[in-house]
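Trainee: I would like to go through this structure one question at a time. Please show it first.

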Amino acid sequence: MSNVLKQAFDEAAEITRRNIPAFAAAYPDDCTRGERYPSRPVFEEFPVGANQGWTTSFVPGMQWLAYEQTGDEVFKTAALAHAEDFARRVHNREDLHTHDLGFLYTLASVVPWRLLGEESARAAALAAADALMERFLEPAGVIQAWGALADPSQRGRSIIDSLMNMPLLSWATEQTGNPKYAEAVRRHTAQLAKHIIRADDTTFHTFYWDAETGEPLRGGTAQGAADDSCWARGQAWGIYGFALNYDAVGDEELLVVARRCADYFLNHLPKDGVPFWDLIFTDGDDEPRDASAGAIAACGLQQLARVETDPARAARYEAAGVKMIHGLIAYTPTGKGVASDALLLHSVYSKPEGKGVDEGCLWGDYFYLEALMRHINPDWRRYW
């Protein structure tokens with residue numbers, strides 16, 4: 001175990017500990033403002049701090065990681081309280097019009113079931129898997145990303161992030177024996193492997209299908225620099241998501257695509273190894289970094305190394321993941337010499353929208369902590 005990485009984990013866990021009384025049962029916003037997380041704002045019928053949106057589960061996700069490494073009951077108690085709130089959310093069908101149910105319920109509900117045998121968490125996760133299956137579009141064979149299924153602006157739209165939502169469905173088949181969930185994963189990931197990666201190994205953020213005929217239509221972006229650029233976080237989701245789903249599905253093409261995503265990502269990094277928010281930018285460009293994309297990629301590279309069938313490639317991806325984590329340590333509050341309640345600084349939510357630019361963010365914090373866990377505890381059982 002690297003002492004540097006262990007120290008970095010301990011520092012991040014201490015911030016996670018401090019944030020528990022700061023928010024209690026409520027949730028922080030997606031991103032910091034001036035190094036601090038504000039409370040989640042009022043949204044439609046939801047009050048301040050409510051469990052809505054796609055990022056709330058990263059809070060208990062960090063708490064479970066800290067609990068597993070430290071054994072401190074304060075983390076478990078806080079994470080179990082969130083598990084109860086997520087059960088309420090899904091059973092009341094609050095804010096479920098999203099494919100991000102996988103992000104939400106894998107961390108908030110599957111993890112306490114796996115670690116502690118919490119039956120109510122298992123029931124919540126299975127209910128979330130069923131809600132996610134409602135978004136499966138025949139005959140396209142994909143899960144719609146956002147919005148109500150009748151919304152014409154979102155109909156037939158998938159995004160590369162969806163790869164990280166598939167493990168919830170793979171788990172549901174494991175739990176129930178019902179193959180419908182795994183079949184949805186197989187079809188959805190095959191479609192993305194065929195259409196969301198371009199010939200030059202870059203990825204679209206989003207891709208549209210005709211929801212009635214299943215015909216593939218067009219790719220584009222929502223948060224990248226341009227439709228034909230390479231949004232860094234999307235490319236990182238591609239590394240991690242295709243590697244995870246290759247492990248679940250066994251389709252060799254998913255491994256091939258994960259390699260392509262990884263090789264392009266690694267070949268388009270600036271000198272310090274922390275990506276710009278879009279991979280079209282490089283050293284000398286006056287653009288913000290997205291450290292969260294680096295944290296996701298670090299996890300993905302380590303997962304890819306685990307499933308890689310070529311030993312030389314596996315060693316290269318493992319080494320690249322470790323190097324990336326060491327680079328990210330310089331982007332932490334300790335590395336920058338600032339006080340913050342984020343674990344990782346200098347990320348970007350959506351540059352085109354001017355949203356969360358050069359801030360900490362919940363997913364960046366979570367994947368940074370997971371990447372550290374993967375390297376300081378080789379026996380750790382991944383959550384996804």
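Trainee: Which residues does Asp 29 touch, not counting residues up to four places away in sequence?

Mentor: This is a predicted model, so each answer describes a prediction. Asp 29 is found in the loop between H1 and helix H2 (58–70). Leaving out residues up to four places away in sequence, Asp 29 touches Tyr 37, Pro 38, Ser 39, Arg 40, Pro 41 and Leu 362.

Trainee: Is Asp 29 buried or exposed?

Mentor: Buried means under 20% relative accessible area. Asp 29 has a relative accessible area of 12%, so Asp 29 is buried.

Trainee: Glu 44 is in a loop too; is Glu 44 buried or exposed?

Mentor: Glu 44 lies in the loop between H1 and H2. Exposed means over 50% relative accessible area. At 64% relative accessibility, Glu 44 therefore counts as exposed.

Trainee: What is phi of Glu 44?

Mentor: Most residues other than glycine have a negative phi. Glu 44 is a residue other than glycine, but its phi is positive, near 50 degrees.

Trainee: And what is phi of Asp 358?

Mentor: Asp 358 lies in strand S7 (residues 355–359). With a relative accessible area of 39%, Asp 358 is partly exposed. Its phi is a positive value in a residue other than glycine, near 60 degrees.

Trainee: Which residues of H1 and H13 make the contact?

Mentor: The crossing of H1 and H13 is left-handed. From H1 the contact is made by Leu 5, Lys 6, Ala 8, Phe 9, Ala 12 and Thr 16. From H13 the contact is made by Tyr 368, Leu 369, Leu 372, Met 373, His 375 and Ile 376.

Trainee: How are H8 and H10 oriented to each other?

Mentor: H8 and helix H10 (residues 291–307) pack with their axes 8 Å apart, at an angle of about 25 degrees. Angles under 35 degrees count as roughly parallel. H8 and H10 are therefore roughly parallel to each other.

Trainee: Which elements do the buried residues of H6 pack against?

Mentor: The buried residues of helix H6 (residues 166–176) are Met 166, Pro 167, Leu 168, Leu 169, Trp 171, Ala 172 and Thr 173. They pack against helix H4 (101–116), helix H5 (119–133), strand S2 (142–143), helix H7 (179–195) and helix H8 (232–249).

Trainee: What kind of peptide bond joins Glu 138 and Pro 139?

Mentor: Pro 139 lies in the loop between strand S1 (136–137) and S2. Most peptide bonds are trans. For the bond joining Glu 138 and Pro 139, omega is about 0 degrees, and the bond is cis.

Trainee: How far apart in space are Arg 198 and Arg 260?

Mentor: Arg 198 is in the loop between H7 and strand S4 (206–209), and at 14% relative accessibility counts as buried. Leaving aside its neighbours within four places in sequence, Arg 198 has contacts including Phe 204, Asp 227 and Arg 260. Arg 198 and Arg 260 are 62 residues apart in sequence, while C-alpha to C-alpha they are 10.0 Å apart.

Trainee: What kind of aromatic pair do Phe 204 and Phe 207 form?

Mentor: A search of the whole structure finds 22 aromatic pairs. Phe 204 and Phe 207 form one of them, at 6.0 Å centre to centre and with 55 degrees between the planes. Planes under 30 degrees apart count as stacked and over 60 as edge-to-face.

Trainee: Which residue has its charged end over the ring of Tyr 349?

Mentor: Tyr 349 is part of one aromatic cluster, whose members include Trp 54, Phe 58 and Trp 384. At 4.3 Å from the centre of the Tyr 349 ring sits the charged end of Lys 355.

How values were computed:
Residues are numbered from 1 along each chain as its sequence is written. This is a predicted model: local features need pLDDT of at least 70, side-chain atom pairs count only at pLDDT 80 or more; totals for chains, interfaces and linings use all residues. Side-chain values use heavy atoms; hydrogens and water are left out. Rings of Phe, Tyr and Trp (its six-membered ring) pair if their centres lie within 6.5 Å; planes under 30 degrees apart count as stacked, over 60 as edge-to-face and the rest as tilted. A charge sits over a ring if NZ of Lys or CZ of Arg is within 6 Å of the ring centre and within 35 degrees of the ring normal. A crossing is left-handed if the near helix is turned anticlockwise from the far one by less than a right angle, and right-handed if clockwise. Helices (H or I, at least four residues) and strands (E, at least two) are DSSP runs, numbered from the N terminus. Contact means heavy atoms within 4.5 Å. Buried means under 20% relative accessible area, exposed over 50%, partly exposed in between (1.4 Å probe, protein chains only). Axes are lines fitted to C-alpha atoms, for helices over the stretch in contact, and angles run from 0 to 180 degrees between N-to-C directions. Angles under 35 degrees count as roughly parallel, over 145 as roughly antiparallel, 65 to 115 as roughly perpendicular and the rest as oblique.
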